Amino acid sequence: MIYYRQKIDNFTEKFEECSIIVLLGENHSILQKDAKKISDALAGKVADEEMRVNKYFNHEIIEKRNEIITSLKTKSFFPGRQIILLIELNEKDYKIITEIDAEWQNDDAITIVTMNALSKKSEVINLLASSDRIAVVNYTNSKIDRDFFVERLNNAGINFSGKEVLDVLIDFANFTPENILENELEKLMLFKLYDDKPLSVDDFFDIISINYEIKELSLAVALAERNIVELEKNLSTFFSYSKSPISILHFVSAYFYKLSLIKLYGPSSFEVRRGYPFLIAHDLEKAKQHVNQWSLQQISRATDSLTASDLKLRKYPSLFQRSILTQCLHKIMEI
């Protein structure tokens with residue numbers, strides 16, 4: 001039988017009579033979490049400690065096929081249901097699922113399988129679901145919109161301060177893989193667990209990982225705005241705690257490459273959203289302003305200069321790197 005994850009509230013009621021439960025989706029982190037929930041629901045939370053859960057990973061599943069089939073009927077010293085976990089099974093190896101089902105009897109271990117989402121043309125999903133004892137759970141991509149976040153925040157008992165917070169969350173979701181998004185949302189939930197104050201935009205930036213340091217962005221912004229005072233201030237800060245000139249230059253290069261993508265494809269394009277650094281809210285608005293201030297030819301000259309300086313930084317010892325970086329950035333401000 002085929003199920004859709006969004007419509008399942010109780011794992012035990014659905015799967016306690018199944019031989020195999022197959023979880024299909026692209027988000028491996030969520031699949032593993034749900035596999036653990038199903039295992040706990042069917043065998044109890046101490047099953048792992050009592051060695052009633054046998055795990056096999058994708059690279060070893062086929063070579064240990066006989067061991068897996070044998071473990072179906074091998075009884076544990078401890079009472080209770082046993083679980084077999086086949087983690088990230090390759091689609092081409094799906095036949096082990098039908099082999100397990102053919103051998104399975106009511107008191108045998110229940111097998112939980114996680115697999116990557118199958119192609120639309122794949123016949124495997126229907127083949128597996130044709131058995132009354134195999135449950136196939138399909139994880140469709142959630143629609144990440146305002147209603148999605150309102151529901152998540154309300155379910156967690158978190159108040160939020162107005163529309164701006166939702167806009168920032170949606171911006172963040174637009175460039176974030178679903179498993180990372182889930183991890184970051186969990187961090188937010190924990191942060192506000194015993195805090196009755198509404199979730200604010202400042203809270204978001206304090207907790208969420210945007211994958212770059214704010215000071216690095218400040219330096220790139222100062223350069224794009226040709227603000228020599230702010231540029232020197234940020235450079236002094238970096239050098240005071242021995243920030244690598246190469247890493248500074250790499251971030252600036254990434255920022256100017258991002259500007260070129262915005263110029264070519266527009267700020268909402270897939271090319272822009274997937275490219276590092278990930279810019280949201282105020283930071284993205286700043287980048288849009290910089291795109292208007294720089295022509296594509298100027299951005300190209302800037303990135304060429306940064307590439308040349310990167311090669312130079314790698315060629316000379318660290319003693320000279322600060323001077324090379326400073327000269328490079330000053331030269332770009334004159335473009």
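Reply: Happy to! In this predicted model, Tyr255 and Phe256 are both buried. The two rings make an edge-to-face aromatic pair, with 6.3 Å centre to centre and 80° between the planes. Trp294 joins them, as ring pairs link Tyr255, Phe256 and Trp294 into a cluster.

Now for the surroundings. The largest nonpolar core has 38 residues, and those that touch the most other members are Tyr255, Phe256, Leu329 and Ile332. At least two residues of this core come from each of α11 (214-224), α12 (228-240), α13 (245-265), α15 (281-293), α16 (296-315) and α17 (318-333). The most come from α13, which gives 10 residues. If you set aside neighbours within four places in sequence, the contacts of Tyr255 are Leu217, Ala220, Val221, Ala224, Pro277, Leu279, Lys286, Ala287 and His290. Another core, of 26 residues, lies apart from this one and includes Ile84, Leu86, Met115 and Ala129.

Phe77 counts as exposed because its relative accessible area is 79%, while Phe78, at 32%, is partly exposed. Together with Met51, these two phenylalanines form a nonpolar surface patch with about 400 Å² of accessible area. Met51 sits in the loop between α2 (28-43) and β3 (53-57), and its relative accessibility of 62% makes it exposed.

Methods. Residues are numbered from 1 along each chain as its sequence is written. This is a predicted model: local features need pLDDT of at least 70, side-chain atom pairs count only at pLDDT 80 or more; totals for chains, interfaces and linings use all residues. Side-chain values use heavy atoms; hydrogens and water are left out. Patches are made of residues with over 30% relative accessible area and no salt bridge: like charges are joined within 9 Å, nonpolar side chains (Val, Leu, Ile, Met, Phe, Trp, Tyr) within 5 Å. Accessible areas come from the Shrake-Rupley method with a 1.4 Å probe; for residues, only the protein chains shown count as cover. A salt bridge is a side-chain nitrogen of Lys or Arg within 4 Å of a carboxyl oxygen of Asp or Glu. Helices (H or I, at least four residues) and strands (E, at least two) are DSSP runs, numbered from the N terminus. Buried means under 20% relative accessible area, exposed over 50%, partly exposed in between (1.4 Å probe, protein chains only). A nonpolar core is a set of buried Ala, Val, Leu, Ile, Met, Phe, Trp, Tyr and Cys residues joined through side-chain atoms within 4.5 Å. Contact means heavy atoms within 4.5 Å. Rings of Phe, Tyr and Trp (its six-membered ring) pair if their centres lie within 6.5 Å; planes under 30 degrees apart count as stacked, over 60 as edge-to-face and the rest as tilted.
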